[in-house]
Amino acid sequence: MALRGVWQLQKLVVNFCDWGGSSKGIRAFMESHLPALKEKNPQLEVVTQLVRGQHPNLKGIYKNHNERVVCVRNLAPEDIMLQASRLRCSLGRKVVKLRTRHVTKRPSVQGTWTTELKM
């Protein structure tokens, strides 16, 4: 995703195995979908790494120095393209767990309304 007109995904690393069965989908992805992905995204650096004996994954490296790794074990090439586009469209920020379900800048003095309150 672009933040203020600048794409946040800087580098996409494709790790795969050349003989493993779980890497069959990513090998097909590299032949069919990866050249089109490189052509549509000239700002994106795409690197392929051969890692023998490991399950395949996609690693996104963002401009804010965060990384996201997505396992693509036994996925079809279309599903791998979906995961790659999700990495491209995300900002790379860390996921923050909210403390409460009700988030507001000005919390109520009376408290949060629930169905168990009696009138």
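A residue is buried when its relative accessible area is under 20%, and exposed when that value is over 50%. I keep this cut-off at hand for the entries below. The model I am reading is predicted.

**Entry: strand 3**

I began with strand 3, residues 9-16. How many of its eight residues are buried? I found six. Strand 3 is therefore largely enclosed by the rest of the structure.

Next I looked up its partners. Strand 3 and strand 5 (residues 57-62) run antiparallel and are joined by six bridges.

I went on to the pairing of strand 5 with strand 6. The two run antiparallel, with five bridges between them. In this pairing, Leu58 stands opposite Val70 of strand 6.

**Entry: helices on the sheet**

**Entry: helix 1 against helix 3**

I compared the two helices directly. Helix 1 covers residues 24-32 and helix 3 covers residues 77-89. Their axes come within 8 Å and cross at roughly 75°. Angles of 65 to 115 degrees count as roughly perpendicular. Helix 1 and helix 3 are therefore roughly perpendicular to each other.

Which residues make the contact? From helix 1 I wrote down Gly25, Ile26, Ala28 and Phe29. From helix 3 I wrote down Pro77, Ile80 and Met81. Sorted by kind, the contact residues are six nonpolar, one polar and no charged.

**Entry: two loop residues**

I checked backbone angles next. His65 has a phi near 70°, a positive value in a residue other than glycine. I located His65 in the loop between strand 5 and strand 6, the latter being residues 67-71. Is His65 buried or exposed? Its relative accessibility is 72%, so His65 counts as exposed.

Asn74 also went on my list. Its phi is near 60°, a positive value in a residue other than glycine. I found Asn74 in the loop between strand 6 and helix 3. The relative accessible area of Asn74 is 58%, so I marked this residue as exposed.

**Entry: the record**

Last, I opened the UniProt record. The entry is unreviewed, and it lists residues 18-91 as "domain: Ribosomal protein/NADH dehydrogenase". I looked up that span in the model. The C-alpha atoms at the ends of residues 18-91 lie 31 Å apart. The span is 39% helix and 23% strand.

Technical notes
Residues are numbered from 1 along each chain as its sequence is written. This is a predicted model: local features need pLDDT of at least 70, side-chain atom pairs count only at pLDDT 80 or more; totals for chains, interfaces and linings use all residues. Side-chain values use heavy atoms; hydrogens and water are left out. Buried means under 20% relative accessible area, exposed over 50%, partly exposed in between (1.4 Å probe, protein chains only). Helices (H or I, at least four residues) and strands (E, at least two) are DSSP runs, numbered from the N terminus. Two strands pair if DSSP finds at least two bridges between them. Axes are lines fitted to C-alpha atoms, for helices over the stretch in contact, and angles run from 0 to 180 degrees between N-to-C directions. Angles under 35 degrees count as roughly parallel, over 145 as roughly antiparallel, 65 to 115 as roughly perpendicular and the rest as oblique. Contact means heavy atoms within 4.5 Å. Ala, Val, Leu, Ile, Met, Phe, Trp, Tyr, Cys and Pro count as nonpolar, Asp, Glu, Lys and Arg as charged, and the others, Gly among them, as polar. UniProt positions are given in the numbering used here, feature names are shortened, and annotations may be inferred rather than shown by experiment.
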